[in-house]
Amino acid sequence: MGPFISPFSNLLCMLLGISFTLWVTLLLVFIIVPAIFGLSFGIRGLYMKTLLKVFKWATVRMERGAKEKNHLLYKPYSLNSIIAKEPTSLEDELKEIRRNGSSRELDGSASAATGPSPSSSEFEMSDTFYFCRRGIESIVDDEVTKCFSAEELESWNLLTRSNYNFQHISTRLTVLWGFGVIIRYGFLLPLRLTLAITGISLLVVFTTIIGLLPNGRLKNFLSETVHLMCYRICVRALTAIITYHHSENKPKNGGICVANHTSPIDVIILASDGCYAMVGQIHGGLMGLIQRSMVKACPHIWFERLEVKDRHLVAKRLSDHVKDKSKLPILIFPEGTCINNTSVMMFKKGSFEIGSTVYPVAIKYDPRFGDAFWNSSKFGMVNYLLRMMSSWAIVCSVWYLPPMSRQEDEDAVQFANRVKGAIARQGGLVDLLWDGGLKRGKVKDAFKEEQQKIYSKILVGTQADRSRS
């Protein structure tokens with residue numbers, strides 16, 4: 001048997017060697033080298049157009065099959081507005097409730113049809129209906145919880161997550177889905193893992209070497225070149241197709257770049273088009289190794305766990321950084337947590353107290369090709385990255401907005417809200433006032449007290465008006 005096994009083993013080794021050489025050559029020629037120079041052969045664009053045609057055919061086939069079988073394919077209500085809510089004030093709604101529920105009104109007046117006005121405008125039991133109704137609406141249509149769940153699709157993208165009430169429609173769709181699984185897990189996932197390992201390894205090795213050089217222009221140039229090269233390789237590892245708009249507004253040195261936050265890959269998306277100084281908490285393991293190597297080549301700002309809670313210390317470190325116009329712009333995500341790319345939630349005011357120029361950036365992902373949202377309370381980092389690398393692609397648009405500065409009559413909160421509103425409008429996102437910390441914590445007492453203050457001012461104000469009259 002020996003003589004027969006030996007030729008077979010040699011042939012197998014030769015085929016494996018040829019396959020490995022071919023694999024590495026294709027990676028170098030078509031992906032890694034173009035990534036280093038920021039070039040593209042248009043393969044990803046063609047790939048995206050092909051996927052869109054397949055999705056369109058699958059959607060038409062689903063709708064036709066659902067109609068034939070009399071199946072409800074889509075949700076009967078809008079995903080973004082289960083309950084119709086009119087933008088009215090607390091005082092106006094209480095007036096309407098009192099007008100319908102009793103003869104009293106907040107302004108102390110009454111029409112001839114309802115009889116004489118009461119002698120006082122005080123608390124009424126009917127006022128509780130407003131707060132009860134708002135509470136029930138928040139339970140039924142919780143706009144906060146919806147921001148931390150995957151965005152529902154109206155068409156099937158041949159991934160596990162499909163549209164509401166999807167059922168088996170036809171054998172051809174099932175075969176197509178199975179073929180897609182083979183492509184994603186048999187070809188794309190190994191390719192992407194190889195690119196990700198390559199990009200991270202090069203980043204760690206090169207930044208460590210650059211860190212040995214003395215500070216100066218050469219070190220800064222090499223650091224920026226290496227960071228851009230490695231981030232672009234990592235972008236290829238996600239098959240990310242990114243469209244950048246208004247590049248003339250890109251952040252400049254000495255400024256602060258703020259963006260809405262959907263995923264940890266937001267950093268890669270932005271850093272593949274320009275270099276930034278990162279801000280974050282010190283980690284251990286592989287992430288800690290990457291952080292320690294990066295900070296050797298570039299002045300990133302890493303905090304210990306206890307330091308992050310010291311707002312004054314964080315503000316001082318950021319302020320000292322932006323004062324040096326030779327340092328890279330700081331990249332910050334003021335929401336403090338990932339949102340599902342349908343909304344923008346409250347911006348923490350810390351980064352808006354420094355007094356530096358703020359460069360807003362809006363990021364909007366296309367959920368048809370894959371869900372970029374990281375639900376950290378449901379998936380760990382490794383699980384999330386595997387889900388990302390096994391999706392079809394990551395397609396997104398990035399808008400660089402004109403720089404904004406704090407006005408004289410603005411405090412930090414007002415400035416943060418103005419920047420947040422600009423990002424929401426440009427990205428087509430819902431502008432919410434809620435704190436993203438509600439993802440893991442309870443509603444702060446300040447929110448409850450605010451409603452109590454508004455209601456008490458209404459009662460006190462009506463009594464004051466009555467006394468003057």
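Colleague: Is Thr 239 buried or exposed, and what is its relative accessibility?
Modeller: Residues are numbered from 1 along each chain as its sequence is written, and side-chain values use heavy atoms, with hydrogens and water left out. Buried means under 20% relative accessible area, exposed over 50% and partly exposed in between, with a 1.4 Å probe and protein chains only. Thr 239 therefore counts as buried, at a relative accessibility of 11%.

Colleague: Where is Thr 239 found, and what is its phi near?
Modeller: Thr 239 is found in the loop between helix α6 (217-237) and strand β1 (240-245), where helices (H or I, at least four residues) and strands (E, at least two) are DSSP runs numbered from the N terminus. Its phi is positive although the residue is not glycine, and the value is near 50 degrees.

Colleague: Which loop holds His 246, and what is its relative accessibility?
Modeller: His 246 has a positive phi as well, near 55 degrees, and is likewise a residue other than glycine. Its place is in the loop between β1 and β2 (256-259). His 246 counts as partly exposed because its relative accessibility is 41%.

Colleague: With which residues is Lys 252 in contact, leaving aside its neighbours within four places in sequence?
Modeller: Lys 252 is found in the loop between β1 and β2, and it is partly exposed, with a relative accessible area of 47%. Lys 252 and Tyr 276 are 24 residues apart in sequence, with 9.4 Å from C-alpha to C-alpha. Taking contact as heavy atoms within 4.5 Å, and leaving aside neighbours within four places in sequence, the partners of Lys 252 are Pro 329 and Tyr 359.

Colleague: Which elements are included in what covers the buried residues of α8?
Modeller: Helix α8 spans residues 285-297, and its buried residues are Gly 288, Ile 290, Gln 291, Ser 293, Met 294 and Ala 297. The cover over these buried residues includes α5 (171-210), α6, β3 (277-281) and β4 (301-303).

Colleague: How many disulfides does the structure hold?
Modeller: Cys 257 is buried at 0% relative accessibility, and Cys 396 is buried too, with a relative accessible area of 3%. Counting as a disulfide a pair of cysteine sulfur atoms within 2.5 Å, the number that the structure holds is zero.

Colleague: How many of the 469 residues, as a percentage, count as buried?
Modeller: The chain has 13 helices and nine strands. Among contacts between residues at least 6 apart in sequence, 75% join residues at least 24 apart. Of the 469 residues, the part that counts as buried is 41%.

Colleague: How many contacts beyond four places in sequence does the model have for residues 103-120?
Modeller: Where pLDDT is low, the predicted coordinates should not be read in detail. Over residues 103-120 the pLDDT stays under 50, and the number of contacts beyond four places in sequence is 27.

Methods
Predicted model: local features only at pLDDT ≥ 70, side-chain atom pairs only at ≥ 80, totals over all residues. pLDDT = per-residue confidence, 0-100.
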